[in-house]
Number of protein chains: 4
Amino acid sequence: MTQQVRIGLIGTGRIGQVHALSIDALKNTTLQWVCDPFIESAERTAAQFGGRVTADPADVLAAGDVDAVIIASPTATHVDLISAAIDAGIPALCEKPIDLDIARVDALREKAAGASVPIVLGFNRRFDRHFTDLQQRVAAGEIGRLEQLTITSRDPAESPAAYLATSGGIFRDMTIHDFDIARFFLPDIVEVTARGAAVFSEIVPGLGDYDSVMVVLRGANDELISITNSRHAAYGYDQRIEAFGSEGLLQVGNQTDTAVRHWGADAVESLAPYQNFFLERYAEAYRSELVEFVKAVQGEPSRSPGFEDGRAALVLADAAELSSRTGAAVAVDLS
Amino acid sequence: MTQQVRIGLIGTGRIGQVHALSIDALKNTTLQWVCDPFIESAERTAAQFGGRVTADPADVLAAGDVDAVIIASPTATHVDLISAAIDAGIPALCEKPIDLDIARVDALREKAAGASVPIVLGFNRRFDRHFTDLQQRVAAGEIGRLEQLTITSRDPAESPAAYLATSGGIFRDMTIHDFDIARFFLPDIVEVTARGAAVFSEIVPGLGDYDSVMVVLRGANDELISITNSRHAAYGYDQRIEAFGSEGLLQVGNQTDTAVRHWGADAVESLAPYQNFFLERYAEAYRSELVEFVKAVQGEPSRSPGFEDGRAALVLADAAELSSRTGAAVAVDLS
Amino acid sequence: MTQQVRIGLIGTGRIGQVHALSIDALKNTTLQWVCDPFIESAERTAAQFGGRVTADPADVLAAGDVDAVIIASPTATHVDLISAAIDAGIPALCEKPIDLDIARVDALREKAAGASVPIVLGFNRRFDRHFTDLQQRVAAGEIGRLEQLTITSRDPAESPAAYLATSGGIFRDMTIHDFDIARFFLPDIVEVTARGAAVFSEIVPGLGDYDSVMVVLRGANDELISITNSRHAAYGYDQRIEAFGSEGLLQVGNQTDTAVRHWGADAVESLAPYQNFFLERYAEAYRSELVEFVKAVQGEPSRSPGFEDGRAALVLADAAELSSRTGAAVAVDLS
Amino acid sequence: MTQQVRIGLIGTGRIGQVHALSIDALKNTTLQWVCDPFIESAERTAAQFGGRVTADPADVLAAGDVDAVIIASPTATHVDLISAAIDAGIPALCEKPIDLDIARVDALREKAAGASVPIVLGFNRRFDRHFTDLQQRVAAGEIGRLEQLTITSRDPAESPAAYLATSGGIFRDMTIHDFDIARFFLPDIVEVTARGAAVFSEIVPGLGDYDSVMVVLRGANDELISITNSRHAAYGYDQRIEAFGSEGLLQVGNQTDTAVRHWGADAVESLAPYQNFFLERYAEAYRSELVEFVKAVQGEPSRSPGFEDGRAALVLADAAELSSRTGAAVAVDLS
């Protein structure tokens with residue numbers, strides 16, 4: 001008999017919907033509460049997947065009938081909600097980033113470290129089975145010592161202007177996933193160099209932001225890590241990793257929905273364009289993320305990244321921002 | 001609110017376990033009865049997935065609390081069980097083949113045609129999403145008129161001697177899947193030519209059977225279809241289809257669990273060996289097969305192949321057997 | 001100091017031009033004579049690549065200044081020219097087929113066997129470096145015992161009606177290359193089964209010919225060989241081989257001029273269409289063919305196929321023709 | 001009748017041998033002089049490919065019977081030899097780098113700009129047909145505006161200690177090729193950021209050099225270019241380019257000698273390891289390089305890079321060296 005884990009979902013936007021779907025798909029999770037100040041959205045979600053409805057997260061934490069919460073509300077609310085979850089003794093899965101302001105994150109750091117319940121971060125890519133297999137094989141020494149890591153990450157299309165304006169900039173919003181993936185392989189990063197450019201967007205120049213960046217990280221043992229980002233890609237969502245070591249290379253390319261290849265008069269061995277965006281590409285990873293969170297909630301060993309991982313990614317993003325402005329490499333200390 | 005479909009599972013061998021897993025995985029299916037004359041196996045399955053237990057299929061059909069049955073018992077029992085299910089007015093999903101003796105199948109044919117409930121066949125490959133995508137794109141005219149179809153199907157390792165002895169021979173046991181896949185694209189086959197050989201097995205020569213066969217089918221509009229089978233393959237389960245048409249070619253190759261490619265001192269761009277066998281390769285297809293059967297049970301449009309498809313595959317297998325012995329092409333009429 | 005081999009080229013059509021180019025490209029071959037009854041063509045070729053001109057092959061053989069001849073004239077002239085070359089003691093490379101009539105080939109057989117000079121056949125595909133590598137690795141036991149061979153060969157577009165009318169039919173004109181490739185791996189073929197269809201051509205039905213065929217050969221040790229041919233392919237020249245053995249599989253796919261892959265909005269990982277036809281696909285193979293012929297001329301070990309290989313391919317083509325008409329497998333004896 | 005171009009080859013080391021082979025392979029080039037102070041090497045080369053022998057380059061330039069020289073002697077001699085060739089009015093193809101000291105290069109710059117004969121640089125990769133195809137398709141707008149370029153370049157194994165000690169460091173010796181390839185696509189580079197590490201070599205730490213570097217360049221229109229280098233790679237010579245534009249991506253991967261793929265018990269779809277090193281990978285490119293140089297010598301339009309390209313690559317290497325030491329981005333002006 002599986003023990004049901006009753007989940008309170010805080011935030012029902014795009015990513016909240018993903019979590020609702022995962023909760024519905026798993027046999028041992030129940031959507032107990034749906035919370036959103038935009039109450040119609042909460043009600044629609046509850047109508048589809050079940051659960052009680054409220055506009056106030058405090059109701060969820062106080063109800064006494066939730067075993068865990070998923071924090072998928074706007075970034076500015078994350079710190080307070082994590083803090084409240086810790087106070088309530090309720091495990092929390094919080095979407096990235098913890099906050100756009102490292103000072104606010106650091107103010108919560110000690111409390112998070114001392115929390116009696118798991119506080120985990122929603123870095124979904126760590127749960128992709130291809131990336132997981134890659135990481136495990138690198139860790140198992142299949143390519144000897146890891147020397148270089150190459151991460152390519154391009155979104156299919158630029159986000160709307162309103163989103164970009166409050167995103168915290170490309171490093172804190174988009175590259176932050178790649179910083180975490182870099183740390184999935186090499187947790188201890190010591191230096192950040194970043195260059196940025198605005199080459200196609202009509203929006204980001206006005207924000208002082210970039211739409212194209214290249215970052216070089218250095219690991220504690222002199223590993224070099226390259227991250228390439230673009231806010232658009234004509235061919236779809238581009239998500240690739242290469243790990244180069246003293247004895248070989250391991251590579252994960254893009255994934256397709258079907259394996260059908262087409263040979264025609266204009267081109268051969270063509271695949272249909274890549275999966276459109278993260279909802280499709282990481283659909284299975286989001287479910288695995290929830291499975292691992294449930295393990296943590298139930299006190300079992302879990303692969304979920306924690307608060308410190310969320311903080312580290314933000315520290316790297318801040319360093320990249322600084323480096324991109326000054327042109328200088330920035331030393332970082334994640335300890 | 002989803003309507004639960006209560007299923008009686010008859011037979012709890014290897015394939016029965018697959019169905020039990022699928023029933024457990026779907027939200028709208030319940031394992032209501034588990035039936036196996038080897039009662040300990042039925043009990044183990046019920047302990048894991050739920051359901052009442054019996055050694056007698058008649059109990060399942062008479063209980064009044066099942067909405068459908070899955071017939072996964074030995075081939076020799078299929079005809080009687082289908083007949084009994086029709087009598088009981090209970091939809092049935094029957095594993096292939098219907099029987100090894102076409103006379104017994106034909107004796108049931110009229111009754112099956114007049115059945116008031118859906119009788120569908122377990123040709124799992126039709127539900128693989130890659131093959132489904134391929135078939136739909138061919139049907140949509142993406143490569144013009146279909147002219148040639150190439151089906152490669154090799155098992156990873158030979159089945160045990162006891163299995164082979166009662167399998168009905170390679171054409172009725174193994175190629176039967178490929179005959180059905182051929183008919184998935186071209187339902188109306190008019191001619192069968194087959195050549196067989198025994199090149200590695202220590203078992204099949206004693207059975208007068210083959211371990212290596214090549215078959216050429218002809219469709220009603222002079223399409224040519226090649227099927228290549230081997231009872232073993234050092235690199236794993238080999239399942240590929242190519243559809244060649246007047247305007248191009250569509251191809252589905254083998255699938256891998258992870259997309260990680262390895263580059264090392266001995267070889268480059270290597271993938272891990274293919275998924276071991278049908279349980280892994282078609283795990284998702286078995287679930288889709290059940291989803292489509294449930295649709296049929298609920299009176300919705302369904303892609304499930306029916307009794308006539310099961311009969312046609314056996315007619316083709318018999319023709320292949322005859323052709324392989326005489327060396328002559330055999331005309332068939334599937335109508 | 002390399003010894004120049006002075007070559008007389010008989011026939012300056014499409015394939016004759018290929019040989020002229022190869023002679024010009026090699027440092028140790030000289031185009032000494034150019035012969036064509038269509039004298040303007042001979043003159044144009046000589047103007048470009050050098051050599052004396054004549055309309056009469058007898059002039060070439062009698063001149064005393066040629067070390068070898070290449071017979072690239074119409075098929076009907078091959079037998080007489082080979083015979084004359086043997087009489088003159090001049091090594092000959094003859095294009096396939098030797099003749100369309102096996103009786104005429106057999107009439108020359110004893111003389112060819114007793115010839116004091118090398119008589120080699122122009123089966124260019126044996127010299128493709130990919131196919132050569134494949135054959136050598138199979139021969140070296142890399143995949144254990146060879147059990148199944150799969151040859152796919154599709155022309156980009158149907159030949160003109162005039163060509164087809166005198167081609168001898170698809171088996172003697174097109175499949176003959178695949179018969180030879182089959183024998184490159186398995187020289188001793190014992191049985192031929194063939195099915196043919198006319199599915200797109202407006203020409204071949206009037207000729208009683210096919211545009212789509214599938215052939216199954218059996219080797220002396222029960223190896224099975226599948227050949228699939230089509231007279232057209234929207235995506236270009238399709239030339240693939242798979243060798244399946246007890247310990248694995250080796251595969252050669254189609255070749256492209258450049259390795260550039262394109263990722264766009266409509267498709268990803270696309271290559272430019274395949275090399276158009278045999279002149280492009282086998283350009284390098286034709287040069288290697290000449291290199292091996294020169295070795296034979298100079299008395300060195302050579303990989304060139306001989307008269308018996310040319311005869312064997314025609315025997316198999318005749319058997320395929322018969323099988324395709326009667327529907328029965330045809331036993332052959334190539335000894 | 002082709003006009004023979006008589007070439008004097010100065011330097012007969014590893015790269016000199018490559019040029020001798022190319023001269024021998026082309027029909028319109030003759031090896032007229034072979035020059036090396038190590039006279040036995042010159043004599044061996046002349047014995048194989050022809051030509052008069054001398055230890056003194058002045059003999060070659062003064063002989064009056066050479067139409068062009070190839071300067072393949074040690075780097076320290078390049079500036080003087082280019083200068084002398086200009087004085088003698090003899091076209092020169094000089095191996096990279098022009099010199100390790102930009103001051104010496106700049107001292108020659110004006111003279112080179114005013115030279116009456118072509119002075120071209122041996123950046124062989126520009127002549128690889130895959131890279132050429134890629135560059136032409138980018139230039140033709142196939143992927144819209146070029147936004148990001150990713151160059152991966154790893155040597156199969158570290159060079160000997162003696163070579164490394166006088167190489168000028170990884171940026172001037174190895175990355176210099178990638179700087180030129182970057183400029184093949186984007187001639188006007190304005191900024192260089194570089195990070196280096198010594199992760200495996202037992203030699204380079206003692207030299208203050210790196211064995212692993214990542215460089216980010218910025219083009220004049222804010223294009224970003226990533227270069228990844230390693231002095232070793234277990235799987236062979238790694239030479240890849242990706243061009244990302246507003247409308248798609250074009251990619252060239254590594255090349256293999258044969259297209260045979262192996263499927264076995266340990267791995268599937270494996271290729272033999274990549275071509276070992278530049279002599280194999282760029283054998284054809286070296287011939288094309290010579291063809292283009294010959295065109296320049298004969299006054300025809302030529303794709304050969306010139307003195308300014310050689311200088312620009314060194315300027316970028318110097319900037320990378322500086323950036324790797326200071327951690328700061330370095331602005332460059334190549335005009």
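Modeller: Helices here are DSSP runs of H or I with at least four residues, and strands are runs of E with at least two, both numbered from the N terminus. By that rule, residues 5-121 of chain A are 44% helix and 22% strand, with the end C-alpha atoms 18 Å apart. This is a predicted model in which local features need pLDDT of at least 70 and side-chain atom pairs count only at pLDDT 80 or more, whereas totals for chains, interfaces and linings use all residues. Residues are numbered from 1 along each chain as its sequence is written, chains are lettered from A and ligands numbered from 1 in the order in which they are written, and side-chain values use heavy atoms, without hydrogens and water.

Colleague: Which annotation covers residues 5-121 of chain A?

Modeller: An unreviewed UniProt entry gives "domain: Gfo/Idh/MocA-like oxidoreductase N-terminal" for residues 5-121 of chain A, although annotations of this kind may be inferred rather than shown by experiment.

Colleague: Why is the pair A:Lys27 and B:Asp24 called a salt bridge?

Modeller: The term requires a side-chain nitrogen of Lys or Arg within 4 Å of a carboxyl oxygen of Asp or Glu; the closest N and O atoms of A:Lys27 and B:Asp24 are 3.9 Å apart, so the pair qualifies. Two salt bridges are counted between chain A and chain B.

Colleague: What makes β13(A) and β12 of chain B a pair of strands?

Modeller: Strands pair if DSSP finds at least two bridges between them, and β13(A) has three bridges with β12 (residues 248-252) of chain B, in the antiparallel sense, so the two count as paired. A:His262 has B:Leu250 as its bridge partner in β12(B).

Colleague: How many residues of chain A are in contact with chain D?

Modeller: With contact meaning heavy atoms within 4.5 Å, 43 residues of chain A meet 43 residues of chain D, whereas chains A and B contribute 26 residues each to their contact.
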